[in-house]
Amino acid sequence: MDPQLDPMKDDLPLMANTNYMLVKHYVLDLDVDFKSKVIEGSIVLFFETGSRYRKTSSTGKECCQSEFDQSRKMRAPEPCHIPMTNVSACSSKMEYNGFAVSGKGEEDTSDENGNHSNNEQASGISSSKDCCDRENHGNKDFVLVLDCCDLSVLKVEEVDVAAVSGIEKFTRSAKLTNVSKELGNLRNQIVHELVTLPANRWKEQLYYFTHCSQAPGCGELLFTTGPWSLEIRKSGIQTPADFPHAIRIWYKTNPDGRSVAWTTDQSGRPCVYTMGSPINNRALFPCQEPPIALSTWQASVRTAAGFVVLMSGENSAEPVQLQEDILSWYYYVSMPMPASTFTIAVGCWQEVKQQSFPAAMQTNTEFSLPSLQDDFRWHEEMCGHVEYPCRFQNAAANLQAVIPYRVFSPWCLMERCEECLLQLIPQCLSAAHATLGTHPFSRLDVLIVPSNFSSLGMA
């Protein structure tokens, strides 16, 4: 960590070069292991070429990202400690919204530019070369920069989205007249067509995001890590437009990472949750944090049977049993949001239910986006945001005073939650609807967090 930066007082450095590459969708596939206090797995990022590069390249001039240059100057060399022990991660896929072991650092085997290959167990410190030289000028490789901290990155690879069955539809509709038939450009064109699908095709888009994220790798990428960043490059690629637009990162979190809290609930059972501060989700997954970086995501989480996975998501996930003692949970979001709003809580939670519901709660009928799709364009002119399946554009959602909700609690508080909380939630939701109008989200999970929860609500 940079000794000159105090996260409790100073603003976090925005390292990601979003003007050149912008994440449009994340696909997380993670295992939660309470024995080692590690979240481990992979994340696939789907990119669109950033606005600055598109603008400058059209004029034939290229400019440097000064704010990124300044943030790079804040870095202080810091050894990356790599976990050398095997982690027995519980197998169960993550659905929606981090682990380094202290020890003697591995011998530095980086090349002259400070870049380490994936064959090395340790990821090194990023080069101090000027980013503009490395991104734009001469024959230097373009460098993709992501925000991250307290993570052990194990491998980075390009994803062969062209290998997905049925993906040909995106190549047929693509305007390839000015695009090389070279396979790398074809993959990037597929990703472009996928991330720019209209909002009324969100289910199809989610389907192909899922299958593209499961496609095989087609070449490892070079990467380096710094105290606040992950830098990735592909040899010989000098522009963002030619850089792979779908990459997979294999990584592990740190038991002491500052984005998650491993603790116990009020019943004394183990649990883990995202704190949301002081460094957002940088110690949970590599991401982009500048305000322009709004993205959708989906996640599969695997964990041991007996644990419940709650995440920020539009679906009420139900577990799928993979093995006798392993469950998988899946969540997704179709509203582009900052990566810092991604939340997860895993614990031995119990869902609080009530056998007889008061009349006020009988309006709690679930309205899912697919069922409302026919009314999708209801009053589109009232919204000025980027296109997505917006509930404000649904007549039925506008009338929904009480959105579907679930209440989860530690075992010891179940009775109190049933007596007090279940009666309050529909009244609160109705009051919010009467005051503010349409609920922006289609559902809500309420979790009674451990008493040591030291942050604001979990988005």
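Glu-48 lies in strand 2, residues 38–49. The model is predicted: local features require pLDDT of at least 70 and side-chain atom pairs pLDDT 80 or more, while totals for chains, interfaces and linings use all residues. Residues are numbered from 1 along each chain as its sequence is written, and side-chain values use heavy atoms, without hydrogens and water.

**Whole chain**
- The chain has eight helices and 19 strands (DSSP runs numbered from the N terminus; helices are H or I of at least four residues, strands E of at least two).
- Of its 459 residues, 54% count as buried (under 20% relative accessible area, with exposed over 50% and partly exposed in between; 1.4 Å probe, protein chains only).

**Glu-48**
- Glu-48 counts as buried because its relative accessibility is 15%.
- Its side chain makes a polar contact with the side chain of His-192, at 2.8 Å (a pair of N or O atoms within 3.5 Å; within protein, one must be able to donate a hydrogen and the other to accept it, and residues adjacent in sequence count only if both atoms are side-chain atoms).

**Sheet 17-18-19**
- Three strands form an open, mixed sheet in the order 17-18-19 (strands pair if DSSP finds at least two bridges between them).
- Strand 17 (350–352) and strand 19 (444–447) each have a single partner strand, so one side of each is left without a neighbour in the sheet.
- Strand 17 pairs with strand 18 (residues 405–409) in the antiparallel sense over three bridges, and Gln-350 stands opposite Ser-409.
- Helix 8 (residues 414–436) packs on the sheet, touching strand 17, strand 18 and strand 19 (contact means heavy atoms within 4.5 Å).

Conventions: Axes are lines fitted to C-alpha atoms, for helices over the stretch in contact, and angles run from 0 to 180 degrees between N-to-C directions.
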